[in-house]
Amino acid sequence: MKKYKKILLMTGLLSLVFLLSACGTGEVSAHSTGVWDRYVVYYFGQAIKGLAFGNVGIGIILFTIIIRIILMPLMHFQTKSMRKTQELQPKIKALQEKYSSRDQETQQKLQAETKKLYAENNVSPYAGCLPLLVQMPVMMALYQAILRIPELRSGHFLWLNLSQSDPYFILPILAAVFTFASSYLSSMSQLESNASLKIMNFAMPVMIFVMALNLASGLSLYWVISNAFQVIQTLLINNPFKIRREREEVARQIRERERALEKAKHPKKKRKK
């Protein structure tokens with residue numbers, strides 16, 4: 001069940017958007033009270049309006065890009081942590097074979113050794129969830145700003161009424177496609193694939209698609225731009241195709257050294273004339 005914990009965590013966090021987004025229904029203004037309404041939702045709305053240049057959709061796009069730029073160091077940390085975690089998988093498997101007994105004492109030893117291994121290599125197995133945890137308040141504040149600030153609630157962009165869902169399903173489809181592309185590109189750089197990772201690659205786009213069908217298109221626009229930015233960032237900074245080529249080159253060099261050592265150990269005998 002452990003391999004499904006990340007899926008359950010992400011599902012729960014995304015579901016939390018629905019619950020917390022419904023907490024407030026009144027209009028938000030400079031006279032609103034409460035930390036969330038007055039200092040989070042209100043200033044999110046002000047930031048979007050300041051970036052709108054006469055169109056709320058443009059404001060959301062620019063706001064999203066700025067948020068993604070701010071999150072770039074965190075995303076880079078996540079990627080590095082995921083790569084380190086993958087590199088430790090052979091050692092973790094060795095520990096699992098060493099402590100294969102299912103009794104409580106052995107399992108406690110396995111957990112302690114695994115935790116020690118992560119600590120020695122400065123790796124957190126939960127680092128992959130950090131960007132999602134950071135983005136949850138952003139999505140909730142954006143959703144409420146669109147629905148509760150009059151100037152944003154009446155905003156339009158292209159064919160969209162930003163406070164309502166996309167009637168042509170274009171944004172939900174794009175959000176799902178870019179979510180899948182982002183997840184798939186990230187998984188390509190993993191040393192080993194597993195069932196939970198494959199499930200995540202397909203489950204997350206489906207969840208995003210279903211939610212985008214029902215939520216305000218302003219939030220769907222945020223998802224589209226955010227995940228498109230992530231795809232471009234991955235290709236530029238952590239290109240999985242480049243990482244694969246580097247690993248293949250390293251593996252080739254190792255094989256060549258092994259063959260050279262093998263030849264040195266067993267030189268061919270000179271034929272007698």
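**Close-up 1. Tyr39 and Tyr43 within helix H2 of the predicted model**. Tyr39 and Tyr43 are 4 residues apart in helix H2 (residues 35-51), so about one helical turn separates them. With a relative accessible area of 53%, Tyr39 is exposed, whereas Tyr43, at 41% relative accessibility, counts as partly exposed.

**Close-up 2. The tilted ring pair of Phe180 and Phe202**. The ring centres of Phe180 and Phe202 lie 5.4 Å apart and the planes meet at 45°, so this pair is classed as tilted, the category that remains between planes under 30 degrees apart and planes over 60. Because Phe180 belongs to helix H8 (residues 170-188) and Phe202 to helix H9 (residues 195-214), the pair ties together parts that are 22 residues apart in sequence. Phe180 is partly exposed, its relative accessible area being 29%, while Phe202 is exposed at 56% relative accessibility.

**Close-up 3. Aromatic pairs and the stacked rings of Tyr39 and Tyr43**. The count of aromatic pairs in the predicted model comes to 5. In the aromatic pair formed by Tyr39 and Tyr43, the rings are stacked, with a distance of 6.4 Å centre to centre and an angle of 25° between the planes.

**Close-up 4. The tyrosine cluster and the charge over Tyr39**. Tyr39, Tyr42 and Tyr43 are linked into a cluster by ring pairs. The ring of Tyr39 also has the charged end of Arg38 sitting over it, at 5.4 Å from the ring centre.

Methods
Residues numbered from 1 in each chain as written. Predicted model: local features only at pLDDT ≥ 70, side-chain atom pairs only at ≥ 80, totals over all residues. Heavy atoms only, no water. Phe/Tyr/Trp six-rings, centres within 6.5 Å; stacked < 30°, edge-to-face > 60°. Helix = DSSP H or I, 4+ residues; strand = E, 2+ residues; numbered from the N terminus. Buried < 20%, exposed > 50% of the residue type's maximum accessible area, 1.4 Å probe, protein only. Lys NZ or Arg CZ within 6 Å of the ring centre and 35° of its normal.
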